[in-house]
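Okay, thanks for coming, everyone. I've got one model to walk through today, so let me put it up.

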Amino acid sequence: MTSHLRTAILAWEYPPRVMGELAYYVERLAHEVSGREGTVHVISFHEARPATEAVSPKIQLHWTHNPVDPHLNVLTWSLSLCSEAQRVAADIFYSPSGGIDVIDVHDWHFVSAAVGLKKALGLPFVFTVHSLEEQRSREPSSPLSSCVRGLEWLGLFESAVAITASATLKSQVEALHNVPPSKVRVVDPSSPSWVDDTLRAYREARDLQRGA
Amino acid sequence: MPGYEVTMLSWEYPPRTVGGIAPHVYNLSRELSRLGVKVHVVTCDFPGAPAHESDRGVLVDRVDSYSYPTPNFATWISMMNVNMQKRAAEIIRSSNGRIRVIHAHDWLVANAAIGLKHMFRLPLVSTIHSTEKGRRGGIYDDYQRMISSEESWLTSESWRIVCCSNFMVKEVTEALGVRREKIDVVPNGIDPAPFRGPLDTAALRATFARPDERLVLYVGRLVHEKGVSLLMEAVPSVLRRAPAKFVFVGEGYLKENLINRAKELGVSDSVYVTGFLDSEQLRGLFRVADVNAIPSLYEPFGIVALEAMAAGAPIVTIGSGGLSEIVQNGETAQFVQPNPASLADGIVAVLSSPSYADSLRTKASKRISVYSWSNIASLTTSIYGRTLKEYDAGSWKPSSTAQGARGS
C-alpha cells in the first residue's frame, strides 16, 4: 500500500500560538509529513486567526475558536473546544477534496475529540505523549489533575498506537497507565529516522483500524 | 409509522431522578416508541440499574458517568459528556443510518450532542427545560456565565428548539438570543392513570385532618421562587374563616424557616412540613386535598398543576410563568395576587363553595387530556418530521463519497 497518507494533527498550540515546545514540534512535523505524504491538516486553537490558513499547498491550518466563554478551568475549556475540533475534522472528512486517513493527537487537550472521531467515523488515531500530568502538575493529587490523567488514560486506551519521544517516558507511560509495552513506540525527534518512524506509526494505526 | 430512530441524550433517566428531565425523557421515549419512533436513550449510570436495557421499545444505555473527583459540578458534566459521546457515537454508527435525529435535553449534554451532530451530520433537536438565568433569577458570576454560554451554543447549533411553554419561549429568546421562529412549544405531559387507582381516601385524610377540617396542600421545593412563604403567611387568615390543615410537601432551604414561622404565627398545630413523601402517598394527598395551593413566583411550566388536575384537587394560584397557560382563572383554577391576603381569600373562596370547587375540578379534569404523553409524543414527531423534511431538502449531510477524493 503506497498511497499517500492524509493526516490530521490535533494540537492545542501551533505558531504563532506558542505555549511551549509543542508548537514548534508540530510545525516541523507538519512540514516533514506533508513533504512525503498527502495533505496535512493541523487543527489547533487561536482566538484571533481566521478559521483556515494555507501554510503551503499541502498544509492547511484550521484555527478553532472556543464556542463557550468564559470557562472555569482548562478542562471545561478544552472539552468544549473538542466538540468544535470535531466539527472542523468532520468538515475535512466530508469535503470532496478532503479526507483523513489518520489522526495524530498531541497530549491530552484534544483526546476526547480524537476518541469521538474514531467512534463516529472510524478514523484511527495515534496519541503522541510529550509529557504526563503526573510530572507537570504542582498538585498531582488534585481533582483537576485526576481528570487530566483520566483523559491521558483514555487516549492511551483508545489510540491504535502511542508515541513517546524517549524510552524513559515510554516506561513512565506504561507504568502509570498500565499500557501494554507493544502499544507504545519511541520516536526520537533528534534521530535521523524521526519522520520515518512517525510515518510507520501512522501507517500501523491506519492498518490496525482497517483490520478492526 | 415514522420508521426512523432517535438518540436521546439526557443526564438523568429513571431510576436516576434528579429533577424534571428524567420523568419527561422516560415518558416521552416510551410514547415515541409506541408511535413507531425507536428511541435510544444515552444517560448516566446509577447504582443497581443495568448498563443496557430494553424497556417497552426504548433502548437505554447508562454510561460510566465519571466517578472520580472533579473540581466542581460543571467540570464533572464535561467529563461525563466524554463518555456519553463515546457510547452514543458507537450506537449511532452501528445503526447504519437508521438513527436520523439527535435529541438533547438542556446544556448538560451540549458537548456530546454538538460533536455528534457534526461528526454524523445529523440534525440536532434540543429541549430547553429551563435557563441558567431563569433558575437563578439572573447571571451573577463566571460559573453562571459559562453555563449560560453553553446554553446559547446548544441553541445556536440546534435545528429546532423545544420549550414547554410560551413563558419559556420568551425566556429563551430574551436570555439566549434565539429567534422565535426556531422554537416549538410542546408542554410537559402527565399520565393520569396512577391518580385514579383504588385508595382509602378517608384513612389518608384522617392522617392529616379531622372530619370537620379542610385540607390545603402545597407540593414543591421549599424555596423562594415557589412562593411557599406567602402561603405560610396566609395560614392565619384562612384559619380565622375555615377550620383547616395545611400540608407542605417537599424539601428546600426554607424548611427550617417555615417551621419557625409557623410557631411565630401560632399555627404550628395546623401545619405539617413533611419533607419528601413517596409517590403513592403524594398522589393520594392530591386526591384528598380540598385545595392545592400553587403560589409560585417563577415557574417555567408548572407540572404540579397537571398533578392537581389529574387528581381532582382544585387549584389556587398566582398564575405565574407557564401556569397561566395551563389553567384559566375562574374556569380551571382560582387566580390570586402575589400577597398573603389575596392568597388567603382565594383559598377561602374555594373552601367555602363546594359547587365552585366542583366546577374547577370538572373543567380541569376535561382539560388534562391535552397533556397526555401520547399527545406530547405526537407533537414531538411533528417536530422531527419537519426537521427531517428540511434536512433532506438541504445539502448539509454526510456525502455518499465521504473521505474526499483519493490520491491527494
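So, at what angle do α2(A) and α3(A) pack, and how far apart are their axes? The angle is about 45 degrees, and the axes sit 8 Å apart. Axes here are lines fitted to C-alpha atoms, for helices over the stretch in contact, with angles from 0 to 180 degrees between N-to-C directions. That makes α2(A) oblique to α3(A), oblique being what is left once you take out under 35 degrees (roughly parallel), over 145 (roughly antiparallel) and 65 to 115 (roughly perpendicular).

Quick housekeeping: this is a predicted model, where local features need pLDDT of at least 70, side-chain atom pairs count only at pLDDT 80 or more, and totals for chains, interfaces and linings use all residues. Residues are numbered from 1 along each chain as its sequence is written, with chains lettered from A and ligands numbered from 1 in the order in which they are written.

Who makes that helix contact (C-beta atoms, placed from the backbone, within 7 Å)? On α2(A), residues including A:Leu79, A:Cys82 and A:Phe93; on α3(A), among others, A:Gly116 and A:Leu117.

Now the two chains. Their contact takes 40 residues from chain A and 40 from chain B. On the chain A side, α2 (74-94), α3 (111-121) and α5 (143-158) each supply at least two residues, and α2(A) gives the most, 11. Helices are DSSP runs of H or I, at least four residues, and strands are E runs of at least two, numbered from the N terminus.

Zooming out, chain A has seven helices and eight strands, and its C-alpha trace spans about 45 × 40 × 35 Å along the principal axes.

Terms used
Two residues are in contact if their C-beta atoms, placed from the backbone, lie within 7 Å.
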